[in-house]
Amino acid sequence: MAVIRTLRGGAWRVVELITTPVVPADYLDVIAPLRNARVLRAKIDAVRPETDRSATLVLRPGRGWVPHEPGQYVRVGVDVDGVRQWRSYSITSPPARADGRITITVNAVTGGLVSTHLVRRARRGMIVHLDPPTGEFRLSDPRPAKALFVTAGSGITPVMGMLRSALHEMSDVVVVHSAGTADAVVFGSELRALAAAGRIRLIERHTRADGRLKPADLDELVPDLFDRQAWACGPNEMLDDLETHWADSGATDRLRTERFRPALISAGGGGTVTFTQSGTVVETDGSEPLLDSAESAGVLMPSGCRMGICFSCVLPLREGAVRDLRDGTLTVAEAGDSIPVQTCISAAAGPCKIEN
Amino acid sequence: MTTIQRKKSNPIAHLTPEDIEQIGIELDAIRDEVMGSRGEKDAAYIRRVIAWQRGLELGSRGVLLFSLFPPAWLVGTAGLSVAKILENMEIGHNIMHGQWDWMRDPKIHSTKWEWDHASPAEQWKHSHNELHHTYTNVVGRDNDLGYGIMRVDEDQKWHPAHLGQPFYNFVNACFFEYGIAAYDLELGKNLQTKERRRDPKFRAALKGVRRKIGKQMLKDYVVHPALSGPSFLHTIAANFTANVVRNIWAHSVIMCGHFPNGVETFEKTSIEGETRGEWYLRQMLGSANISGSKAMHLMTGNLSHQIEHHLFPDMPSNRYKEIAPKIQDLFQRYGLSYTSGPLPKQVASAWYKVFRLALPNRGEAAVRRPVEKKAPAVANRWRRAENPVPAATVHQ
């Protein structure tokens with residue numbers, strides 16, 4: 001085996017000599033985009049509408065995909081209007097499906113660039129980019145004897161992944177789900193079928209008619225609330241309320257939460273800039289280029305023309321927002337992103353992290 | 001050409017500082033409009049050019065496996081020459097300028113791209129993007145003015161060695177990629193003293209270039225010929241020809257960018273504390289276009305729009321054509337001359353200068369007026385001038 005690997009590696013190096021300065025994969029990618037294990041991609045196999053604002057995408061991941069655990073999410077890179085955008089989506093299929101496919105369910109958020117694009121324009125055969133699956137919002141092993149899932153809106157997606165993978169290993173499951181109306185419940189028919197078959201106890205809350213669910217309501221709806229291992233996913237305000245409620249009862253260790261939007265990035269003027277490698281933290285006022293602020297604070301920075309034309313100063317923005325001082329364009333990076341920005345003409349537009 | 005500051009008649013004497021800043025404001029508006037409208041179509045354009053170029057290169061090299069047969073040799077060599085030109089000009093040069101960075105595709109990004117050229121991307125980006133594009137046509141700062149081996153401006157000091165410059169220029173054209181590599185290494189300067197020769201930074205750069213050239217040579221003159229079997233020697237000849245064709249083409253296009261008649265040069269002291277408007281103006285006066293067909297624009301990597309490229313080096317090349325009329329109009333309104341001409345005329349004009357300046361200046365070009373020195377100050381070229389025109393002006 002080792003011999004074959006060495007031979008294969010050697011042969012590959014010869015092919016690299018033929019194609020230099022590009023690599024053979026650059027040619028192969030055109031014919032077989034899923035073959036490249038270094039650049040993880042997936043082909044959209046099918047698009048199924050769920051509600052009028054959401055759709056499930058069946059993805060066939062390429063080589064290099066590692067099976068996920070129920071509840072985990074995957075970062076998906078999609079070209080929207082020519083620009084690669086990355087967003088996280090919970091995986092809703094059980095791991096290790098026989099056909100190797102995974103599914104994600106996308107809810108078109110109002111004004112959401114990527115979610116709207118995927119729900120409206122994703123088609124069979126399209127290629128998207130993937131990161132390996134990740135996330136700590138997972139089902140415990142061994143499975144809990146009594147489980148509670150509290151979800152709202154698209155917060156049902158990671159929970160659906162858990163139910164589809166491991167419901168047969170759990171005997172006492174309560175799902176409390178909130179959505180605007182009965183029709184807006186993603187996976188509504190599947191959840192109701194599970195409830196009808198006695199596999200789960202489903203409590204639907206239609207917030208447009210009944211208002212938002214308060215943690216106090218839960219005490220009534222689920223009397224043995226704190227006896228259960230709980231997983232919650234939904235809007236930040238709901239999760240904040242739940243965390244307080246569980247903490248008040250000293251049951252924090254029994255509640256796990258998943259936040260889709262960690263913290264809203266407020267794009268203001270200036271902010272604290274953290275240089276992740278040197279560890280330097282600089283306060284900036286939003287009118288001075290990041291390059292100048294960093295240099296004044298003694299950070300060694302790559303630099304060039306200092307006017308935004310030579311791209312020598314480009315560094316990855318790992319988190320936060322920066323503004324182009326020339327035309328005001330905002331660039332926003334969420335945790336996990338790595339978006340190269342020109343430090344000589346960008347200023348902080350809120351707290352941000354720059355890799356240097 | 002004599003630097004603008006020493007000319008008898010100053011082509012920008014009629015512009016007030018306010019005019020110059022207003023030019024900057026108008027150019028920024030043109031820039032914002034295009035940059036804000038970059039999208040799917042543009043992304044599809046560059047991907048299409050890359051796919052075509054790779055197909056053409058692969059096909060040509062395939063044909064050259066049988067280069068023993070003269071028709072195969074001709075077709076393969078022609079195809080490979082075109083593929084190499086596209087790869088260097090419309091693809092490599094422009095990607096490394098960051099024109100496509102906005103797509104956030106790591107495969108087509110200025111920080112990741114490597115090209116079919118003797119000079120490694122990293123070094124070329126420094127000498128080209130940073131030095132040449134910031135200090136365009138400033139005598140003593142922009143080494144593109146004669147590449148350090150020629151005299152292309154009356155204000156560059158004459159030396160008997162310049163008598164041979166038509167010959168150097170021809171040799172440089174044939175082996176342009178190596179000339180560029182030597183230039184990016186600043187060989188002339190760095191080989192001068194022992195200290196510079198031993199500088200670890202220089203040695204590392206030299207090693208990088210050696211490795212790059214080695215790989216390029218191995219590909220074109222060993223691996224591909226070996227794959228051709230009995231056509232070994234013919235493939236070597238074909239690849240050599242394609243490289244020379246590409247070199248001469250690139251050299252000619254680049255000469256047309258800054259050397260033809262009508263292009264201005266600048267004194268080192270004139271850019272002290274330069275404003276954004278002044279930088280823009282220098283780019284406008286320091287570049288020349290090539291007129292021609294769509295194919296000409298593609299084959300020159302849109303450097304036929306050298307003026308537009310120098311104003312907005314990071315604008316996607318496929319968009320220069322659409323802004324050219326606006327830029328021309330701006331030139332006209334401010335009484336400036338937009339230098340442009342067909343390729344043969346511009347090449348001839350540039351070569352004429354190379355011949356003419358091989359000889360010392362004749363009395364004519366002596367200093368006519370004192371050079372105004374600007375007060376030393378830090379240049380803030382990124383800073384836009386405040387727009388005096390109300391922002392609410394509606395264009396209909």
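Q: How many residues does the contact take from chain A and from chain B?
A: This is a predicted model, where local features need pLDDT of at least 70, side-chain atom pairs count only at pLDDT 80 or more, and totals for chains, interfaces and linings use all residues. Residues are numbered from 1 along each chain as its sequence is written, with chains lettered from A and ligands numbered from 1 in the order in which they are written. Two residues touch if their C-beta atoms, placed from the backbone, lie within 7 Å. On that basis, the contact takes 29 residues from chain A and 36 from chain B.

Q: Which elements give two or more residues to the side of chain A that touches chain B?
A: Helices (H or I, at least four residues) and strands (E, at least two) are DSSP runs, numbered from the N terminus. Those giving two or more residues to that side of chain A are α1 (2-19), α2 (24-31), β4 (83-90) and β16 (339-342).

Q: Which strands of chain A stand at the edges of the open sheet of six strands?
A: Strands count as paired if DSSP finds at least two bridges between them. The order in chain A is β4-β3-β6-β1-β2-β5, with antiparallel pairing. Each edge strand has a single partner, so one side is left without a neighbour in the sheet; these are β4 and β5 (102-107) of chain A.
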